[in-house]
Amino acid sequence: MSESMGESRLAENIVRYRKRKGLSQEKVSEYMGVSRQAVTKWETDLSRPSSDHLVRLAELLGVSVDALLGNGEEEGLRLESETGQEKVEQGGISVRGRNQCRREPAQEEIGIENQFGHKMEMGKIPWIFVGISASCMLTYVVNSMVWNVFSGGVFICMFLICVPIQCFLHIMFSNAVKNDSFSGIAGVDDKTEYHLPEVKKLLVQMDLQIGILSVVFIFLLCVINCMNFGAEWLNGLLIILYAMNFAAMVEFSNYKGIDRIYCREEDKRRARQGMPVTVIYMLLVFTGICITCVIFELKEIENNTWTAVKTCGLLLLGILAATVGFLLEHRRIRKQDPVNPGYKAGRAGVLCLLVCVMMYVIMFIV
């Protein structure tokens, strides 16, 4: 009789603590790796979770196993109060805040809305940056036409920085912040829990940084080519520096925001473990591009020649190998067992790294 009452108490506690956390049965089932029907059976006392599931369920709900079983509710409530973490559904993303971010009354929600309403006024500034970039492009076109020094390659580089990068990313980031829809942002995973206000902050900051960076480099391209210095290598150097600064800015912003934007410790750990992999990948890509530029300059390789095609082909093969290794390693990190959090590079990732380096070495030989 007492065992039956204990099981009934367990079912009631699962429902109570789940609702207190603001979690749906779907979110619980995703975290637990079971079907929603299984969660329904637990809550209706038709079945009982296994020991492993019981431990994970207690961790998810922020209480002890004893409290979940009905043997120590006071302890469970005390632990929940100390952790100060809650999970809520916002814009299709599961979010858990820290102590200062607990969603108690609607007033807190209004405070967040006002805070980001103020920051969203900065949305006009990136458009000003876009206008400055477009003005630099127009100045370059007019000046180069007058002095007969127009270069289609320089204009294409300016256009790519201004439109696909500066303008498009601003539109994507601003729409994500306004509509609470982050599915189009690279790296955002539906199975990862994010602190939504901090994600918005990060996107607003990155939007401004990208605008400033793009304006500076487009202005420099405009000045160097309008003055007709005759140093074409400066254009290539500027493009490489822009790409390196862009990648470094994105990585540094993500690294600084790990503790703020991720809710679960295992997600923070995965994010930190993925940083070195991303840095190595970016270094391989930029190293390959620099090697290609040096080879073209030293060997005086002309465009549209067989040697140029072979060199660029080896570069693409090296970058392809690095990209495959990058994706494989990130997949291993995402599937990592929380019980054994230690990370070691996989054989496939190391093999891709060696193939990439080998392609770069062959570039010097051919």
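Let me start with E198, which is buried, at a relative accessible area of 12%. Keep in mind that this is a predicted model. The partner of E198 is K201, and their closest N and O atoms are 3.7 Å apart. K201 is partly exposed, with a relative accessible area of 23%. Both residues belong to helix 10, residues 196–226, and the spacing of 3 residues is about one turn of that helix. The pair is also part of a network of salt bridges that links E198, K201 and R260.

Next, R272 and D259. Their side chains form a salt bridge with an N to O distance of 2.3 Å. R272 is partly exposed at 36% relative accessible area, and D259 is partly exposed at 35%.

Then there is E329 with R332, again a salt bridge, with 3.7 Å between the closest N and O atoms. They are 3 residues apart in helix 14, residues 306–334, so about one helical turn separates them. E329 counts as buried, at 6% relative accessibility, whereas R332 is partly exposed at 40%.

Now the whole protein. Of the contacts with a separation of 6 or more, 66% are between residues 24 or more positions apart.

That is what I have; questions, please.

Methods: Residues are numbered from 1 along each chain as its sequence is written. This is a predicted model: local features need pLDDT of at least 70, side-chain atom pairs count only at pLDDT 80 or more; totals for chains, interfaces and linings use all residues. Side-chain values use heavy atoms; hydrogens and water are left out. Contact means heavy atoms within 4.5 Å. A salt bridge is a side-chain nitrogen of Lys or Arg within 4 Å of a carboxyl oxygen of Asp or Glu. Helices (H or I, at least four residues) and strands (E, at least two) are DSSP runs, numbered from the N terminus. Buried means under 20% relative accessible area, exposed over 50%, partly exposed in between (1.4 Å probe, protein chains only).
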